[in-house]
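Thanks for asking me to look this over with you. Here are my notes, written so that you can follow along in the viewer.

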Amino acid sequence: MSVNRVLFDPPGPRGRRRIRIIATIVVVMAMGLVALALQRFAASGQLAPGRWQPFTHWPYLRFLWEGLRGTLGATAVAALFSFPLGAGVAVLRLSRNPTLRRLAAGYVELFRSLPLLLLIFAFLLALPPLGLNLPIFWKLVVPIVMVNVAVLAEVFRAGIRALDRGQFEAAAAIGLTHWQSMRIVVLPQAIRMMAPALVAQLVSLLKDSTLGYVVSYPELMKQANSLTVYTHLLVQTFLIVACIYVAINLLLSQLAHWLERRSQRRPRAARPVPARADVQVDAQAPTPQLVH
Amino acid sequence: MNIVLSHFGDLLGGFWVTIELTLLGFAGSVVLGTILAVCRVVPITPLRVIGASYVEFFRNIPLLTLMFLFIFGLPDIGITYSLFASAAICLALSGAAFTCEAIRSGINTVPVGQAEAARAIGLTFTQSLRCVILPQAFRSMVQPLVNVFIGVALSSSLAAAVAVNDLTNRTQQLNLEYAEAVAAFLVAGALYLVLSLGGAGAGAWFERRLAIQR
């Protein structure tokens with residue numbers, strides 16, 4: 001139950017009337033804005049059927065479809081590498097060896113503070129002269145993995161920390177070593193609990209793959225851009241591409257929500273890490289402090 | 001190395017553009033995000049729907065796609081901004097969605113009992129928000145807002161992909177001209193590190209200041 005439901009009494013007749021009036025005004029204004037935008041589009045001839053027709057033809061669609069395949073491929077491969085590696089870094093960060101711990105913490109801090117595009121440029125421009133010339137696909141995927149391992153390590157760490165300490169203690173009590181209890185007892189539970197946050201992280205991986213445009217890897221953005229060079233249908237192409245991205249990401253977010261709701265039904269030792277960890281990845285986010 | 005040193009001013013100029021983009025984008029997203037957060041909690045359904053759809057759309061669209069739409073698409077319908085302004089507006093638009101969620105989840109971390117207690121002693125809606133809920137909510141908002149700030153700072157590098165002359169872009173140009181690759185990237189990386197760690201440090205300081213001393 002959230003706070004904002006107790007902040008005001010249920011509105012009386014006058015309040016309800018006021019709410020209805022404001023709601024009407026808002027709806028009218030919103031419709032006005034949409035009409036204005038449509039009129040703007042129409043006035044510059046962007047709504048003409050001829051400008052949208054190409055997108056009903058298979059060759060155009062196939063061009064975009066190939067881009068989408070590239071996007072999904074890059075996302076999947078990046079996810080395949082960054083999830084296990086992220087878990088690994090998180091475990092190292094929680095290990096008992098101070099050197100390993102510091103190394104992992106340094107990695108996370110460093111790669112959470114570097115922009116992905118800079119790393120991609122480094123792989124594109126700085127490393128080939130030094131003899132490290134990866135294929136284009138890996139020039140995109142390796143930097144994405146490097147950055148997302150750092151982010152995912154924080155998500156995993158938050159999940160492991162959220163697990164009841166008793167799980168660790170019980171594992172130690174039956175004679176498991178630190179690594180064994182991590183592997184057999186803690187991680188399986190933590191991962192189940194973190195499933196929503198991990199699925200939500202796929203959204204950001206998918207968004208990162210748009211940078212394939214920079215390395216000329218044929219993903220959706222690059223293909224769309226190449227398409228506009230021939231057709232000059234800029235608004236139309238990018239609107240369609242935007243809708244494709246939003247649709248896929250909405251599906252992923254819905255999956256995350258569903259997993260979150262499902263996991264809340266079962267009794268458990270600790271609460272699930274909220275989905276959308278890209279806003280709150282920090283495990284040390286303070287619990288609200290209250291005056292007692 | 002010499003080339004990087006002699007062009008250090010150039011890189012610093014780019015760093016300044018990055019800082020400007022970050023600050024403008026963050027300020028814009030805080031203002032817009034607050035308005036959106038208010039929209040999402042008032043008991044007026046159309047406003048809630050608008051707030052929710054805004055957040056869902058802008059959280060899920062890749063920033064690069066948004067920038068392309070803004071910079072290459074909008075001129076076709078007769079709306080043109082400068083590259084820098086477009087990049088800043090796009091950063092603010094997408095940052096606002098995340099800020100809105102940070103503020104909303106901050107408000108939701110305050111236990112319901114606090115709101116009930118405030119109502120029970122006869123505070124009105126505004127009073128209980130102003131005196132009881134928000135002061136407590138702010139504390140748990142600092143960390144998520146710092147994350148938004150760092151996110152905006154790092155995404156501002158995408159402006160380089162649409163030819164804004166920021167730090168990433170200048171580093172890349174320096175490379176194309178002189179092939180002084182490694183040093184230039186190290187310097188640029190260090191500058192970004194300064195920006196995000198600076199943001200995190202400021203956030204931590206702010207959080208300590210806001211913490212209740214017991």
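1. **Ground rules.** This is a predicted model, in which local features need pLDDT of at least 70 and side-chain atom pairs count only at pLDDT 80 or more, while totals for chains, interfaces and linings use all residues. Residues are numbered from 1 along each chain as its sequence is written, and chains are lettered from A and ligands numbered from 1 in the order in which they are written.

2. **Chain B as a whole.** Chain B has nine helices and zero strands. Helices (H or I, at least four residues) and strands (E, at least two) are DSSP runs, numbered from the N terminus. The C-alpha trace of chain B spans about 70 × 50 × 20 Å along its principal axes. Of the 214 residues in chain B, 51% are buried. A residue is buried if 20 or more other C-beta atoms lie within 10 Å of its own, exposed if 12 or fewer, and partly exposed in between, with C-beta atoms placed from the backbone.

3. **Contacts along chain B.** Two residues are in contact if their C-beta atoms, placed from the backbone, lie within 7 Å. Taking contacts in chain B between residues at least 6 apart in sequence, 75% join residues at least 24 apart.

4. **A helix pair to look at.** Two packed helices are described by the angle between their axes and the distance between the axes. Helix 2 (residues 8–41) of chain B packs with helix 8 of chain B at an angle of about 155°, and their axes are 7 Å apart. Helix 2 and helix 8 of chain B are therefore roughly antiparallel to each other. Axes are lines fitted to C-alpha atoms, for helices over the stretch in contact, and angles run from 0 to 180 degrees between N-to-C directions. Angles under 35 degrees count as roughly parallel, over 145 as roughly antiparallel, 65 to 115 as roughly perpendicular and the rest as oblique. Among the residues that meet are Asp10(B) and Phe15(B) in helix 2 of chain B and Arg170(B) in helix 8 of chain B.

5. **Helix 9 of chain B.** This helix has 30 residues and reaches 43 Å from its first C-alpha to its last, close to the 44 Å expected at 1.5 Å a residue. The expected span is 1.5 Å times one less than the number of residues. Its buried residues include Phe185(B), Ala188(B) and Tyr192(B). The buried residues of helix 9 of chain B pack against helix 5 (116–126) of chain A together with helix 1 (2–6), helix 2, helix 7 and helix 8 of chain B.

6. Leaving aside neighbours within four places in sequence, its contacts include Leu117(A), Phe121(A) and Ala188(B). Leu117(A) is also one of the residues with the most contacts inside the largest nonpolar core, which has 131 residues. A nonpolar core is a set of buried Ala, Val, Leu, Ile, Met, Phe, Trp, Tyr and Cys residues joined through C-beta atoms within 7 Å.

7. **Two residues with positive phi.** Most residues other than glycine have a negative phi. Ser216(A) has a positive phi of about 60° although it is not a glycine, and Ser216(A) sits in the loop between helix 8 (178–208) and helix 9 (220–231) of chain A. Ser216(A) is partly exposed, with 14 other C-beta atoms within 10 Å. Ala163(B) has a positive phi near 70° and lies in the loop between helix 7 and helix 8 of chain B. Ala163(B) is exposed, with 11 other C-beta atoms within 10 Å.
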